[in-house]
Structures are given as C-alpha cells and as structure tokens.
Amino acid sequence: MYFKQITTPGLGCFSYVIGCPAAGEMVVVDPKRDVQDYLDISREEGMKIVHVIDTHVHADHVSGAQELKSQTGCDVMVYKTSPVDYDFTPLTEGQQLVVGNAKLEVLFTPGHTPDALSLLVTDTTRGDEPWMLLTGDVLFVGDIGRPDLVGGAKLNEQVQNLWDSLYVKFAKFPDSLEVFPAHGAGSLCGRGMSSKPSSTLGFERRHNPMLGFDKFEDFHLAMSQNFPARPKSFTHIISTNASGAPLLERCPLDLAMNPYKFEEKMQDGAVVIDVRDAAAFAGYHIPGSLNIGFEPSLANWVGMTVEPDADILLVVDTRDDYERMRIELHRIGYDNILGYLSGGIQAWVYTGRPVDSLAIDSAQVLQNVQDEGKEISLIDVRTPVEWENGRIPGAKHIPLVDILDGKFDLDEDTHHLLYCAAGYRANIAASYLQKHGYWDVRSLAGGYIAWSRAGFKTEK
C-alpha cells in the first residue's frame with residue numbers, strides 16, 4: 001500500500017494519497033485546490049487517480065476535487081447526505097473501497113459538520129486489521145473539530161454528534177490505531193491543535209483534553225464556548241465547495257500593471273494588499289493599502305480582513321512573490337486577483353504618486369514615554385488568552401478581530417500605538433485604521449516579545 005500525507009503550510013491542511021502501485025490506482029482525500037502534488041505522485045508512481053474523497057464540505061480552504069476531476073476524469077465522492085450541488089458518487093456508512101491492496105471503510109462521523117465521514121484504512125498485505133483512521137475534522141491531534149460553523153441553531157445537535165462520533169463510534173477501535181486528521185496547527189477548524197501531524201487513538205485518549213470527559217454535560221459545556229473568530233472567508237468557501245469550485249484555468253495568471261492602470265483599478269474600488277514586511281511597509285506605501293505580509297497564517301488573516309468577493313491588487317517585490325500570493329489566495333477562494341504592481345513600490349514612487357508611511361516605535365521609546373508620565377493610547381490587539389497571560393502596563397485591549405469588525409471606539413485624531421506578539425497583527429490593524437481615516441497610528445517594533453525581552457515591566 002502507498003500512503004502519503006501532504007501538508008499545506010499556513011492553513012494547517014492535511015491531504016492524503018492512498019494507493020497501490022501494483023494495481024496502478026490511487027485515491028486522494030481532502031485535496032487542496034492547487035493539485036500538482038497529486039498529479040506528480042500519480043505520474044511518478046504510475047498510479048491513476050480513480051477517486052477523490054472530501055471528508056466534509058470544508059470551510060477554511062477550497063477543495064481541489066473539481067480540479068482533479070477535470071484533469072484526470074476521476075469521480076468525486078462525499079457522504080450521501082452532503083449538501084452539494086455538483087454530481088458526486090455517494091458514500092454510505094460501512095461502505096468499502098478497494099484500491100489494490102488498500103482497503104478504505106467509510107465511517108459516518110458528524111460533529112464538525114452534519115455530513116462528515118472518516119476513513120478506516122487497512123493494508124491487506126500486512127493483515128486484516130485496520131492500520132489508520134483518517135478522521136477528517138472530527139478528531140485532531142490534541143483537539144477536536146469545532147461544532148459551531150454550521151450556525152448556532154444546530155450547535156446542540158452538533159455537540160451531540162461530536163460526542164457520539166468520538167465517545168461511541170471511535171470507542172470500539174484499539175489504542176494502536178493511527179490517527180491522521182484533515183487539519184493541524186494553524187487551522188481555525190479547532191481551538192488548540194498540536195503541531196504533530198499524526199497520533200494514535202490511545203495517545204489521544206490519554207492526553208487529548210477533549211477526549212477526557214466522563215459526562216456529556218461537561219463535554220457540552222466545553223464545546224459550546226470560546227471558539228476562534230470566524231473569518232469573513234468561511235461562508236464564501238463553504239458556498240464555493242458546496243457548488244463545486246470553479247476551475248483555476250479561468251483565473252488570470254500574470255497581470256502585471258503599470259502604476260497608471262493600477263491606480264485606475266484602485267479608483268474602481270479594488271483592495272490593495274501589500275505583502276512586504278512591516279519595516280518596508282512602514283517606510284512608504286500606497287495610501288489605503290493593507291499590510292498583510294508573508295507568514296504561515298497569511299491566508300487566515302486575509303480571510304479575516306478582506307471581503308471574499310473583493311477585487312484584489314497586490315504590491316509585491318518580485319514575480320515569485322506574486323505567484324506565491326496568488327496560490328495562497330486561490331486556496332481560500334479569493335479568485336478576483338486583478339494583478340500586481342509591475343516594478344513594485346518603486347515604480348509607484350518614481351511616477352510621483354503620493355505615499356503614506358507608518359511609524360514604528362521601539363520598546364525603549366515607549367518606556368521613555370511612560371517614564372516621563374506622558375499620556376499615550378496604547379492598544380493591545382492580541383487575543384483574550386494572550387492578554388490574560390501578560391500585557392504592557394497602561395494598554396487597552398481591542399483584539400484585531402474587533403478592530404476589523406468595527407467594534408471599537410477610538411478618536412481619529414489621537415496618536416495610537418498598537419502592539420501584538422511580534423508586530424505582524426499590529427501592522428494589519430494599523431494599516432486598516434490608517435485606511436479608514438486614523439492618520440496618527442503606529443506599531444510597536446517587535447511587539448510584546450520585544451517589550452518583555454527588553455526587561456520592561458509587564459502585568460496580568
């Protein structure tokens with residue numbers, strides 16, 4: 001049996017290839033939208049892609065099922081009750097798929113979504129005992145799937161489904177069964193996933209806090225609160241996956257724009273995302289642009305900040321950066337990428353067009369201001385958990401998600417200094433406020449990490 005886990009950095013997505021080189025066939029489970037990895041494996045291992053399976057209708061990334069169907073002719077499989085509008089082959093509880101010496105058994109495991117499945121995998125060359133369990137989003141390493149994404153009206157039903165899937169259905173399987181989830185650290189489909197990409201049922205039973213409840217009532221309470229913020233992109237991604245994602249061939253691949261054309265699209269309402277690092281953006285940038293730089297969680301923050309149907313313009317340093325950003329955006333269904341600024345920010349500057357800057361203060365400057373007793377509007381944009389674990393004295397807590405949702409009351413003419421853990425989220429927040437008329441905003445270089453490592457006072 002051939003088995004391979006494929007990771008998608010940033011989004012924390014895992015997809016799987018299961019096949020049999022002797023039989024020349026393979027199955028792809030939970031594919032990402034850019035499907036070249038699977039096509040390469042198919043070619044290199046001599047295995048035809050015969051099935052693609054989505055364990056559920058994903059909320060955080062666009063499935064590559066339609067791309068694979070278009071390019072290979074494989075059939076698309078989901079659970080029989082899945083709310084999708086495209087042609088698919090229905091899977092049912094207990095159904096078995098045989099691909100050479102690999103056997104996949106379908107388990108109906110709702111909870112993260114009402115129509116989710118898991119796959120029990122057996123390598124028949126080694127024995128009849130199942131070897132692995134692909135758990136989709138019902139069970140992660142160190143966590144379980146959040147039940148709230150389908151809406152509050154079904155939350156209680158989904159919590160009950162989670163309990164039944166995890167505490168009843170999975171209870172019959174041995175501790176030795178290996179667990180391979182559809183997501184890991186970085187995903188917003190759970191609340192505290194481990195960075196380890198796989199585990200065993202036994203280890204999770206002993207060390208996963210969400211599998212340690214004796215009473216359903218306690219489990220229900222724990223699974224009814226404190227969910228991560230839901231990005232703007234999730235509803236759009238669910239809709240895209242339910243209707244069948246459009247093929248990427250319809251998306252433009254290279255639209256290098258001169259400053260004149262770029263500005264024209266801006267005036268038509270396009271959103272400008274500047275992917276340069278915080279220091280480069282601070283030096284000078286196009287007025288009204290948002291600074292969402294490259295880091296592992298880039299796609300999640302775009303999903304929090306930009307509306308899914310927005311027309312998007314990119315400011316990048318190189319053509320390679322544009323390609324990288326284009327892939328990240330396509331993965332979350334942001335397909336209206338109009339182009340990028342040819343020649344980068346320098347091309348804009350050399351035409352004499354206006355630029356803005358975003359001042360960055362050091363921890364020492366902030367400490368001097370506080371030592372002198374000067375008033376300052378210090379804004380902590382981290383999460384509530386981070387805030388409770390330690391903060392800079394005198395700070396006001398406004399999480400970034402609240403700023404992006406307009407849930408704050410700040411004077412437009414006051415000097416505001418924003419900080420997060422290391423500076424990335426503070427720059428997103430500062431550029432967002434600047435775009436909306438707050439002309440005197442700054443960010444703290446290095447954020448809370450720099451402040452605490454400089455030895456300055458913190459509080460809880």
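Which residues lie nearest the centre of the largest pocket? In this predicted model, they are Leu188, Pro228, Ala229, Thr383 and Arg425. These five belong to a lining of 33 residues. The volume of the largest pocket is about 980 Å³.

Several helices contribute to this lining. Helix H9 (298-305) supplies at least two residues, as does helix H13 (384-389). Helix H14 (400-404) and helix H15 (424-435) likewise each provide at least two. By class, 18 residues of the lining are nonpolar. Nine are polar and six are charged.

The second largest pocket has a volume of about 250 Å³. Its lining comprises 13 residues. Pro83, Thr113, Pro114, Val150 and Ile238 lie nearest the centre of this second pocket. Eight residues of its lining are nonpolar, three are polar and two are charged. A probe the size of a water molecule, rolled over the atoms, shows where empty space is left.

The side chain of Ser431 makes a polar contact within its surroundings: it reaches the backbone oxygen of Ile428 at 3.0 Å.

Attention then turned to strand S5, which spans residues 75-79. Four of its five residues are buried, so the strand is largely enclosed by the rest of the structure. S5 pairs with two strands, S4 and S6. Strand S4 covers residues 48-53. S4 and S5 run in the parallel sense and are paired over three bridges. Across this pairing, Ile53 stands opposite Met77 of S5. Strand S6 covers residues 89-91. S5 and S6 are also parallel, and three bridges join them.

Helix H2 spans residues 65-72. Together, S4, H2 and S5 make a β-α-β unit. The unit is right-handed.

Technical notes. Residues are numbered from 1 along each chain as its sequence is written. This is a predicted model: local features need pLDDT of at least 70, side-chain atom pairs count only at pLDDT 80 or more; totals for chains, interfaces and linings use all residues. Side-chain values use heavy atoms; hydrogens and water are left out. On a 1 Å grid over the protein atoms alone, a cavity is a set of points where a 1.4 Å probe fits but cannot get out, and a pocket is an open set with protein on both sides within 12 Å along at least five of seven lines; lining residues have an atom within 4 Å of a point. Grid points are joined across faces, edges and corners, and a volume is the space filled by probe spheres set on the points. Ala, Val, Leu, Ile, Met, Phe, Trp, Tyr, Cys and Pro count as nonpolar, Asp, Glu, Lys and Arg as charged, and the others, Gly among them, as polar. Buried means under 20% relative accessible area, exposed over 50%, partly exposed in between (1.4 Å probe, protein chains only). Two strands pair if DSSP finds at least two bridges between them. A crossover is right-handed if, with the strands pointing away from the viewer, the path from the first strand over the helix to the second runs clockwise. A polar contact is a pair of N or O atoms within 3.5 Å; within protein, one must be able to donate a hydrogen and the other to accept it, and residues adjacent in sequence count only if both atoms are side-chain atoms.
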